[in-house]
Amino acid sequence: MTYCVDMILPFDYQTPKTLKEACRLLGEAKGKAKVIAGGTDLVIRLRNEEEKPDLLVDVTCLEELKGIEESDGTLSIGATVTHSEISDSSIVKRYGSVLAKAASQIGSPQIRNLGTIGGNIINASPAADTLPALMVLNAVGRVVSSESEREVPVRQLLESPYKSALKPDELLVRIQFKKLSQDTCCSFHRLARREAMAIARMSLALLFRMRDGNISDFRFSPGAVLPVPDRLEEVETFLEGRSPEEDLLRAAACKVSEAIVKRSGIRPSTSYKAPVIEALFLRAMREAMQQCQSNK
Ligand SMILES: Cc1cc2nc3c(=O)[nH]c(=O)nc-3n(C[C@H](O)[C@H](O)[C@H](O)COP(=O)(O)OP(=O)(O)OC[C@H]3O[C@@H](n4cnc5c(N)ncnc54)[C@H](O)[C@@H]3O)c2cc1C
């Protein structure tokens, strides 16, 4: 069937019922098809003619891309699971709470009910809210096509701003990560122009455990301040194995802004963003440390 929605160029629309059929459609289209899930990013790109596919392959009926599962110490989330499902999930809140926190702050209830985790990753926005959380969870994506199947760390699914590393015939099927132990403390914070419906100006996710009074397995990823979301290993190494005294945290906050400037360069927004990300980092660390106290 051919659709021609107001102001959008015409395209075919298929709703495959099996993963095999979806892969076949993408393979046969030879790069002229786009996957659609919630459509909250893609429809805007179609309207702006940034994408001009001949075919949209709707993946929302595929069983393999649905549901949140827990097995053998791993949490597995289907690519079409929505942000609302993630933020409401008791399993994600228990074993990956940093992701539940991030998902709960996306857009508005309507966007969270439609937008999916797979779409958020593959859209590859530098400001995507689930990405810092997935980075600190060491999340891995399962990617399939008619020809192959591979497991790819989420960081490697991102090539450049708004460009994923998926081949045109590939589908992101699931996202997996190791369940966090119950003594892990984490925090996600975001800052936007308004309370709702505004893309983050900056965000961050972090997690760690306390071992004999020292920070252990510290992981940190800022969002919306790097061209491609990433972990800041220099900050992680700086804090690892050290006691979280106020002076040390302040020094770590300076390292955060230094590392961001080193990677992104000095921009017109740097004089605003640098002190704000430092303050956001301190706020997130204090919140996570309070969580550690109450876990005792
Ligand atoms: C008003 C508004 C507010 C928003 N607020 C936020 C916000 O606060 N934070 C935030 O992070 N985002 C926000 N977004 C962006 C958007 O809602 C999210 O990125 C959402 O998660 C995208 O998911 P989707 O299912 O709608 O993706 P779609 O639009 O369906 O797809 C996005 C991209 O991913 C590809 N894709 C989707 N699923 C797969 C798959 N399984 N395999 C391969 N490729 C796939 C599509 O081809 C497309 O390129 C907002 C958007 C709007 C319109």
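Reply: Two residues are in contact if their C-beta atoms, placed from the backbone, lie within 7 Å. This is a predicted model, in which local features need pLDDT of at least 70 and side-chain atom pairs count only at pLDDT 80 or more, while totals for chains, interfaces and linings use all residues. Residues are numbered from 1 along each chain as its sequence is written.

Across the boundary, 19 residues of domain 2 are in contact with 24 residues of domain 3. On the side of domain 2 that touches domain 3, at least two residues each come from helix 5 (97-104), helix 8 (130-136) and strand 9 (158-160). Here helices (H or I, at least four residues) and strands (E, at least two) are DSSP runs, numbered from the N terminus. Helix 8 supplies the largest share of this side, five residues. By class, the side has eleven nonpolar, five polar and three charged residues. In this scheme Ala, Val, Leu, Ile, Met, Phe, Trp, Tyr, Cys and Pro are nonpolar, Asp, Glu, Lys and Arg are charged, and the others, Gly among them, are polar.

A residue is buried if 20 or more other C-beta atoms lie within 10 Å of its own, exposed if 12 or fewer, and partly exposed in between, with C-beta atoms placed from the backbone. The buried residues of helix 5 are Val 98, Leu 99, Ala 100, Lys 101, Ala 102 and Ala 103. Their cover includes helix 3 (83-88), helix 4 (90-95), helix 6 and helix 8, together with strand 12 and strand 13.

The last two strands belong to an open sheet of three strands, in the order 12-13-14 with antiparallel pairing. Two strands pair if DSSP finds at least two bridges between them. Strand 12 (185-191) and strand 14 (214-223) stand at the edges with a single partner strand each, so one side of each is left without a neighbour in the sheet. From one strand to the next, the twist averages 10°. For such angles, axes are lines fitted to C-alpha atoms, for helices over the stretch in contact, and values run from 0 to 180 degrees between N-to-C directions. Strand 12 and strand 13 (residues 202-211) run antiparallel and are joined by seven bridges. Within this pair, Ser 187 stands opposite Leu 206 in strand 13.

Two helices that pack on this sheet complete the description. Helix 5 touches strand 12 and strand 13, and its direction makes about 20° with that of strand 12. Helix 11 (residues 270-295) touches strand 12, strand 13 and strand 14, with a direction at about 150° to that of strand 12.
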